[in-house]
Amino acid sequence: AMTRTLPPLEAPRLPARAEIVDTTLPNGLRVVAAYAPSVPMVDLRLRVPVAGHPAYAPALHVAAEAMFQGSDGPAQAALGEVGASLYAGLDPAWFTAAGSAMADGITVLLDKLVTALTAPRYHSRRCEAAARRVLARLAVTRAQPHVFTQQVFRDRFLPAGTPPVVPDDAAVRRVAAESVTAAHHEVLRPTGAFLVVTGAVDPERVVTQVATAVERWQPGAATHRGEPPRAEPRRTGVALAARPAAVQSQILLAAPVPPRADPRFAALNLTACVFGGYFSSRLVTQVRGRSGLAYRAAAVVDELFGETLLAVNVDTASEFTAAALAEVEQQLLRLADEPPTPRELDMAKSFCCGMLALQLSSQAGMASELTSALSFGFDPTWLWRFTAALLEVDVEAAGDAAATWFSPARFAGVVTGDV
């Protein structure tokens, strides 16, 4: 049989930079508009900081569910004519509103968004229905094994006061329309918020349109936004938590690492990718591919509970739990003894650059990437600067990252299942 050698991969390349306008309006709202002409559409993402207002979280969950529900007939018809949709959501750090429309319908989309922000209509019946939907969604979320595992990690290792993974049902049931309105007016203000708009539109013109639309959205009275408590694990070690009759076990190991602004972060991130960031990584190849011990294995540097953590996640059958945990620890030890090779680094660089290019190729993907960069406190060009920094990581820097951050002794962890 004839065999052919596959050609070598091309060297990773930086994605082309988009035309971007970045400005802050007089009311304090930061606006980032990017030209992305792949289709005649426009995507937007609005984020308002909420981390300093944990007491308002139950009411804001209801607000997010109710905000764009129950529009009057003419307003709903206007949205439909331009193919527009809007939705909102909440996490511990941000209240997010997102939407899309045909490019020539951006003014309609902005008007609907700003009207919801400046003239909310949270009557009792709407809030009661929204609360029921929130409770149903929380029940589904709470039943997910990985959510249970994260909650156990929070309870066992993180400081008191760390927000729960899923809000308490009783707190949501107590929410009344008046408290939703109060939370909205107190928290959902333009100061510290940002709006990302991407699409087949001129960025300068978009900024002008946004400035006109949000003139009526004004800052409220100055209030103190308290800082959330630090959520760095207080100790290391592995704890067990029973989920009787579960057919799978979940393993979560996490260790604190430098934040994204640290100059060592590029090497750390690339080393995490080599270790467990994609299908050909060491952890996935060994634990899932060769030994068949896990259904899923992954390592990622991410913000969990408001802290930058290196997290390792493994899903395995109950009978293989101990063997899978031992293999993960062995692979962590191996990374220090056998740091990433030049070939492994090149493969990881190609993966990271390819994933960013794929995201930036769509309007929604670009909006999401820009939103993430701004959420971490960076300017929009950070996406390209960070990718360039990844391409500069050498074997020595990756080896230092492996030796410094991947020792098993640094990790706190939980194993949940029928164990």
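Mentor: Let's start at Arg 282, which is buried, with a relative accessible area of 7%. Here buried means under 20% relative accessible area, exposed means over 50%, and partly exposed lies in between (1.4 Å probe, protein chains only). Before we go on, please keep in mind that this is a predicted model, in which local features need pLDDT of at least 70 and side-chain atom pairs count only at pLDDT 80 or more, while totals for chains, interfaces and linings use all residues. Residues are numbered from 1 along each chain as its sequence is written, and side-chain values use heavy atoms, with hydrogens and water left out.

What does Arg 282 form with Glu 344? The two make a salt bridge, with their closest N and O atoms 2.9 Å apart. The term stands for a side-chain nitrogen of Lys or Arg within 4 Å of a carboxyl oxygen of Asp or Glu. Side chains of opposite charge can pair when their charged atoms come close. This pair links distant parts of the chain, since Arg 282 belongs to helix α10 (residues 282–290) and Glu 344 to helix α12 (residues 342–360), 62 residues apart. Helices (H or I, at least four residues) and strands (E, at least two) are DSSP runs, numbered from the N terminus. Glu 344 also counts as buried, at 19% relative accessibility.

Now look at Ser 281, placed in the loop between α9 and α10. Is Ser 281 buried or exposed? At 1% relative accessibility, Ser 281 counts as buried. A polar atom of the Ser 281 side chain lies 2.7 Å from the backbone oxygen of Tyr 278. A polar contact is a pair of N or O atoms within 3.5 Å; within protein, one must be able to donate a hydrogen and the other to accept it, and residues adjacent in sequence count only if both atoms are side-chain atoms.

The structure holds 14 salt bridges. One of them joins the side chains of Glu 303 and Arg 260 (3.0 Å, N to O). These partners, too, link distant parts of the chain: Glu 303 sits in strand β9 (residues 296–304) and Arg 260 in the loop between β8 (248–256) and α9 (265–276), 43 residues apart. Glu 303 is partly exposed, with a relative accessible area of 26%, whereas Arg 260 counts as buried at 15%. Another salt bridge pairs Asp 43 with Arg 45, where the closest N and O atoms are 3.4 Å apart. Asp 43 is buried, with a relative accessible area of 10%, and Arg 45 counts as buried at 10% relative accessibility.

Phe 305, in the loop between β9 and β10 (307–317), has a positive phi of about 55 degrees although it is not a glycine. At 21% relative accessibility, Phe 305 counts as partly exposed. Ala 245, in the loop between β7 and β8, has a phi near 75 degrees, again a positive value in a residue other than glycine. Ala 245 is exposed, with a relative accessible area of 67%.
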